[in-house]
Amino acid sequence: MSSAQSVQVRVTRRFNASPERMFDSWLEPEMVGQWMTGPTVRDEEVLRLAIDPRVGGKFSFLVRRAGEEIDHVGTYLELDRPRRLVFTWHIDKEGDELSRVTVEISPRDTGCELTLTHEMDAKWADYASRTEQGWATMIDVLIRVLAQG
């Protein structure tokens with residue numbers, strides 16, 4: 001995906017959690033179910049969380065929202081614990097249109113800083129602010145989840 005035909009959204013947050021704990025929270029179904037999907041994030045029911053956490057492995061986060069089943073799917077492209085995670089991201093029934101999400105985790109004195117960059121085809125430009133808000137909401141929930149445990 002060349003930047004000439006893509007749109008990027010970026011969200012950066014600081015966490016009072018170790019880089020390892022932050023990295024793992026993206027790959028453990030129980031954790032993903034607490035911050036990325038389900039009623040703690042939005043009005044939806046989690047139907048299935050499947051994660052194969054290896055390069056080339058796939059994930060599927062199937063939810064029911066407003067009576068409709070939505071399957072967020074992707075493939076892991078890079079797993080460099082605890083620094084970097086890169087994966088494709090799309091809604092299954094939207095076809096094979098792939099966007100790319102890069103999660104970079106940097107150690108800080110009291111925890112870590114996470115920067116998420118979501119790169120998508122320019123035709124989705126109208127959805128950029130909604131996409132950024134969606135990630136910001138999920139990451140803010142993750143801050144709360146990690147603070148509790």
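Reader: Which residue of S7 does Val9 stand opposite?

Author: Val9 stands opposite His118, and Val7 has Met120 of S7 opposite it. Strands here are DSSP runs of E with at least two residues, helices are runs of H or I with at least four, and both are numbered from the N terminus. Before we go on: this is a predicted model, where local features need pLDDT of at least 70 and side-chain atom pairs count only at pLDDT 80 or more, while totals for chains, interfaces and linings use all residues. Residues are numbered from 1 along each chain as its sequence is written, and side-chain values use heavy atoms, with hydrogens and water left out.

Reader: What makes S1 and S7 a pair, and how many bridges join them?

Author: Two strands pair if DSSP finds at least two bridges between them. S1 (residues 6-15) is joined to S7 by ten bridges, so this antiparallel couple meets the rule. S6 (residues 99-108) also runs antiparallel to S7, with nine bridges, so S6 and S7 pair as well. One of the S6 residues, Ser106, has Glu113 as its bridge partner in S7, and a hairpin of two residues joins S6 to S7.

Reader: Where do these strands sit in the sheet, and which are the edge strands?

Author: The sheet is open and has seven strands in the order S1-S7-S6-S5-S4-S3-S2, paired antiparallel. S1 and S2 (45-51) are the edge strands, as each pairs on one side only. On average, neighbouring strands are turned by 20° against each other, direction ignored. H3 packs on this sheet and touches S1, S5, S6 and S7, with its direction at about 20° to that of S1. Contact means heavy atoms within 4.5 Å; axes are lines fitted to C-alpha atoms, for helices over the stretch in contact, with angles from 0 to 180 degrees between N-to-C directions.

Reader: Why is S7 called largely enclosed?

Author: Buried means under 20% relative accessible area, exposed over 50%, and partly exposed in between, with a 1.4 Å probe and protein chains only. Ten of the eleven S7 residues are buried, so S7 is largely enclosed by the rest of the structure.

Reader: And is Lys93 buried or exposed?

Author: Its relative accessible area is 55%, so Lys93 counts as exposed. Lys93 lies in the loop between S5 and S6 and touches Glu68 and Glu69, leaving aside residues up to four places away in sequence.

Reader: What makes a cavity a cavity, and not a pocket?

Author: On a 1 Å grid over the protein atoms alone, a cavity is a set of points where a 1.4 Å probe fits but cannot get out, whereas a pocket is an open set with protein on both sides within 12 Å along at least five of seven lines; lining residues have an atom within 4 Å of a point. There is one cavity of 30 Å³ or more, and the largest cavity holds about 40 Å³. Its lining includes Trp26, Phe59 and Tyr76.

Reader: How many polar and charged residues does the lining of that cavity have?

Author: None of either: the lining has eight nonpolar residues. Nonpolar covers Ala, Val, Leu, Ile, Met, Phe, Trp, Tyr, Cys and Pro; charged covers Asp, Glu, Lys and Arg; the others, Gly among them, are polar.

Reader: What volume does the largest pocket have?

Author: About 810 Å³. Of its 24 lining residues, His72, Trp89, Ile91, Arg130 and Thr131 lie nearest the centre. H3 gives the largest share, five residues.

Definitions and conventions
Grid points are joined across faces, edges and corners, and a volume is the space filled by probe spheres set on the points.
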